[in-house]
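Visitor: I would like a close look at a single part of this protein chain. Please set it in the context of the whole fold.

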Amino acid sequence: MRQFLDFEKPVAELENKIDELRQMTDPEGVNIQEETARLSEKAEKHLRAIYAKLTPWQKVQVARHAQRPHTQDYVNALITDFTPLAGDRLFADDKAVIGGMGRFDGVPVMVIGTERGSDLETRLQHNFGMARPEGYRKAQRLMKMAGHFKMPILTFIDTAGAWPGIDAEQRGQAEAIARSIATCFEVPVPLVATVIGEGGSGGAVALGAGDRVMMLENAIYSVISPEACASILWRDPKQASTAAETLRLTAQDLQKLGLIDRIIPEPVGGAQREPAVAIESVGKALKEELKALLPIAPARLKELRREKFLAMGREALS
């Protein structure tokens with residue numbers, strides 16, 4: 001069953017009518033084929049109009065849509081010979097972060113990403129994509145392994161943020177995230193980060209300090225969620241839509257600010273409507289970025305990566 005967001009109600013009503021028509025056994029003189037074609041055209045027109053002018057808050061809702069493809073979907077579709085790797089060799093295996101070795105377009109790569117889960121059982125298993133310190137330490141281990149074996153790193157980001165529980169704080173959440181970011185800068189191989197849904201706080205940045213940072217068209221990337229921001233600034237989470245406007249968290253805003261390198265187009269209506277098309281677009285973008293990065297010498301790669309992020313700070317201060 002397709003899930004519709006509140007602002008998609010006009011489209012939902014039309015598509016429900018189409019479903020009803022297709023199930024009719026006695027059309028009473030109605031040309032079902034002709035009528036469904038007319039309604040389908042009208043629904044698509046509505047959908048295009050809605051998605052052509054999404055507000056930042058609406059993009060937040062699209063980015064969080066439960067039916068968007070998740071990290072595991074990208075791995076299944078784009079990576080061959082995938083071998084999952086587990087554990088941080090210190091405490092445990094955090095299933096909010098998945099990773100392993102495989103081949104992308106014939107090139108051996110290391111894949112790391114946050115996984116939310118697709119139903120209640122898997123969401124609980126993956127802790128809704130919110131990693132604890134052991135998740136980020138596992139990411140560090142895999143990045144270092146990739147550097148040792150000269151394998152490019154692909155990261156997929158889709159998380160509301162790092163797990164805020166006291167257990168995570170007791171085990172050094174902030175330190176784990178900081179070291180993960182530092183490891184991103186230190187690896188001597190290409191690192192391409194892609195925000196496929198919600199990129200929230202340090203939990204996202206921990207996997208996002210790459211040579212290339214890409215975002216899907218309707219993804220978001222922010223230091224804080226709109227709800228948390230509204231609670232702090234106005235003591236009212238209902239002001240989340242206002243906070244979303246102020247945070248400049250959309251892919252379009254972030255590209256203008258020079259904080260991301262590329263926006264990957266989504267199908268009309270978002271990646272959740274045509275996951276295979278969205279995944280194919282991501283695969284094409286990854287192929288192009290890797291082709292440009294692979295010839296660069298390791299020392300130069302690290303230098304350019306460092307300069308890229310230092311330039312963001314200088315630009316903000318100037």
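What share of the contacts in the protein chain with a separation of 6 or more comes from residues 24 or more positions apart? And please look closely at T194 in strand β5.

Guide: This is a predicted model. Contacts come first. Residues 24 or more positions apart account for 72% of the contacts with a separation of 6 or more.

Now the overall build. The protein chain holds 14 helices and eight strands. The C-alpha trace spans about 70 × 50 × 40 Å along its principal axes. Of the 318 residues, 47% count as buried. The accessible surface comes to about 15,900 Å², and carbon and sulfur atoms hold 54% of that area. There are 41 positive and 43 negative charges, and their mean positions lie 6 Å apart.

Next, the division into domains. Domain 1 covers 17-53, and domain 2 covers 60-311. Their centres, taken over C-alpha atoms, are 38 Å apart.

Now T194 itself. T194 sits in strand β5, which runs over residues 191-200. That range falls within the bounds of domain 2, 60-311. T194 has a relative accessible area of 0%, so T194 counts as buried.

G99 lies in strand β2, residues 97-104. G99 is buried too, with a relative accessible area of 4%. With neighbours within four places in sequence again left out, the contacts of G99 include F82, T83, P84 and L85. V111, I112 and L142 are also in contact with G99. F82 is 17 residues away from G99 along the chain, and their C-alpha atoms are separated by 9.3 Å.

For contrast, take a helix residue. K45 belongs to helix α2, residues 32-52. K45 has a relative accessibility of 65%; the cut-off for exposed is over 50%, so K45 counts as exposed. K45 and V11 are 34 residues apart along the chain, with 9.1 Å between their C-alpha atoms.

Back to the part you asked about. T194 is a buried residue at 0% relative accessible area, whereas K45 is exposed at 65%.

Terms used:
Residues numbered from 1 in each chain as written. Predicted model: local features only at pLDDT ≥ 70, side-chain atom pairs only at ≥ 80, totals over all residues. Heavy atoms only, no water. Helix = DSSP H or I, 4+ residues; strand = E, 2+ residues; numbered from the N terminus. Buried < 20%, exposed > 50% of the residue type's maximum accessible area, 1.4 Å probe, protein only. Contact = heavy atoms within 4.5 Å. Areas by Shrake-Rupley, 256 points an atom, 1.4 Å probe, with all protein chains shown as cover. Lys, Arg positive; Asp, Glu negative; His and termini not counted. Charge placed at Lys NZ, Arg CZ, Asp CG, Glu CD. Domains from an automatic or database assignment.
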